Amino acid sequence: MPSDDNGFARLMKEKLAEIRAVDILPEELVGLVERVLPVQLGARDKARVTLPEASGCATVEALFAGSPLILRENFPHDFEQALGLFETLLTLLADSGGAAGQAAKTLRAAQAAGELDPAQVLRALPAGDETLFAAWRQRLPDSPRALDFLAVSSLWPGLNAAARALAPRLPENMPHDQGHCPLCGSLPYLTLLREKEGLRFGACSYCGHEYRLRRISCPYCDESDTAKLRLFRVEEYPGVAVSVCDTCSMYAKTLDFRQLGKDMLPALDDMATVALDVLAQSQGYKRPTLSAWGF
Ligand SMILES: [Zn+2]
Ligand SMILES: [Zn+2]
């Protein structure tokens with residue numbers, strides 16, 4: 001990601017233009033992401049996170065045996081900031097129009113009536129408690145992921161700020177034979193090939209950390225038997241492959257940034273390649289994680 005603000009703004013603009021050119025995702029959603037991402041990045045810079053002492057983290061032996069540095073339910077984030085962002089993002093969602101805008105109005109009315117407590121929502125996500133989210137997916141059939149979006153996107157700046165601060169604590173010779181994130185234990189939402197050797201990385205669906213993965217393996221079930229793993233490509237999307245696993249029936253998109261020859265913004269590149277999700281899902285493969293924004 002380019003470090004200067006102008007570079008980032010230009011890159012975001014290019015990626016959004018790509019997403020709009022593909023014309024699969026509704027404009028409400030693309031416009032929403034366009035407004036939400038700068039808010040999140042600004043919040044990440046201001047997030048206040050308290051990192052645990054080394055004694056509160058997994059030992060090097062435990063890390064090598066596959067434990068994450070900190071369990072997801074204990075992973076540091078900025079709860080107060082997330083509460084504020086929940087309101088900001090709810091307003092952006094309401095203004096986005098369409099079904100998502102309607103869902104935001106329903107959520108706001110529930111909040112006013114005391115039926116929905118943002119603090120409870122923001123505690124349920126780290127705890128892995130699906131009950132509340134499942135109930136709201138049913139109540140909002142036209143925009144089932146509205147509450148997931150609010151929770152994931154509000155917590156992300158603090159989680160990612162913590163991930164960036166914690167990453168240097170991982171040992172340099174960390175093995176990469178596990179599919180999950182070594183910091184928080186969550187699954188990747190996307191995989192990336194980088195550097196001239198084509199090293200494979202996973203982009204964590206929870207804390208946003210990018211970490212090394214084995215080149216040939218399923219990041220979801222660790223299958224490494226090449227007879228069970230297949231890779232398919234689509235001519236219109238050079239540099240993007242879909243790895244499917246016949247053991248767990250999951251798929252992962254792999255973006256090859258050597259071939260794409262451009263800067264990456266994985267969360268947006270994920271949206272720009274949504275046609276490949278449609279294709280993989282039409283063949284019966286599932287994606288175990290949501291987008292970086294929870295939809
Ligand atoms: Zn993570
Ligand atoms: Zn698998």
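As a predicted model, its local features need pLDDT of at least 70 and side-chain atom pairs count only at pLDDT 80 or more, while totals for chains, interfaces and linings use all residues. Residues are numbered from 1 along each chain as its sequence is written, and chains are lettered from A and ligands numbered from 1 in the order in which they are written.

## Overall fold

Let us start with the whole chain. The protein chain has eleven helices and six strands; helices (H or I, at least four residues) and strands (E, at least two) are DSSP runs, numbered from the N terminus. Its radius of gyration is 19 Å, close to the 19 Å that the globule rule gives for 295 residues, so the chain is as compact as a globular protein of that length. Here the radius is taken over C-alpha atoms, and the rule is 2.2 Å times the number of residues to the power 0.38. Along the principal axes, the C-alpha atoms fill a box of roughly 55 × 50 × 40 Å.

Buried residues make up 39% of the 295 residues. A residue is buried if 20 or more other C-beta atoms lie within 10 Å of its own, exposed if 12 or fewer, and partly exposed in between, with C-beta atoms placed from the backbone. Among contacts (C-beta atoms, placed from the backbone, within 7 Å) between residues at least 6 apart in sequence, 66% join residues at least 24 apart.

## The nonpolar cores

A nonpolar core is a set of buried Ala, Val, Leu, Ile, Met, Phe, Trp, Tyr and Cys residues joined through C-beta atoms within 7 Å. The largest one has 63 residues, of which Ala146 and Cys207 touch the most other members. Helix α8 (residues 146-166) gives the most to this core, with 13 residues. Apart from it lies another core, of twelve residues, among them Cys218, Cys245, Tyr251 and Leu276.

Leaving out residues up to four places away in sequence, Cys207 touches Phe75, Leu159, Asn160, Ala162, Ala163, Cys181, Leu183, Cys184 and Ser186.

## Helix α6 and its partners

Helix α6 spans residues 118-127, and its buried residues are Pro118, Val121 and Leu125. Seen down the axis of α6, these fall within an arc of 55 degrees, so they line one face of the helix; the arc is that of the directions from the helix axis to the C-beta atoms. Ala119, Gln120 and Ala127, on the other side of α6, are exposed.

The buried residues of α6 pack against α4 (79-95), α5 (98-112), α7 (131-139) and α8. How do α6 and α8 pack, and at what angle? The angle is about 80 degrees, with the axes of α6 and α8 10 Å apart. That makes α6 roughly perpendicular to α8. Axes are lines fitted to C-alpha atoms, for helices over the stretch in contact, and angles run from 0 to 180 degrees between N-to-C directions; angles under 35 degrees count as roughly parallel, over 145 as roughly antiparallel, 65 to 115 as roughly perpendicular and the rest as oblique. Val121, Leu122 and Leu125 in α6 meet Leu147, Ala151, Val152, Ser154 and Leu155 in α8. Just after α6, Gly128 takes a positive phi of about 70 degrees.

## Backbone and loops

Most residues other than glycine have a negative phi. Glu195, in the loop between β1 (188-194) and β2 (199-204), has a positive phi near 65 degrees. Glu195 counts as exposed, with 9 C-beta neighbours inside 10 Å. Asp222 has a positive phi of about 70 degrees although it is not a glycine, and this residue is partly exposed, with 16 other C-beta atoms within 10 Å.

Asp222 lies in the loop between β3 and β4, and Pro219 is also placed in the loop between β3 (210-213) and β4 (229-233). Is Pro219 buried or exposed? With 25 C-beta neighbours inside 10 Å, Pro219 counts as buried. Beyond residues up to four places away in sequence, Pro219 touches Gly179, Leu187, Pro188, Thr191, Gly202, Leu213 and Ala252.

## Separations in sequence and space

| Pair | Apart in sequence | C-alpha to C-alpha |
|---|---|---|
| Pro219 and Gln178 | 41 residues | 7.0 Å |
| Leu29 and Gly98 | 69 residues | 9.3 Å |
| Ala135 and Asp270 | 135 residues | 27 Å |

Leu29 counts as buried, with 20 C-beta neighbours inside 10 Å, whereas Ala135, with 11, counts as exposed.

Conventions
Contact = placed C-beta atoms within 7 Å.
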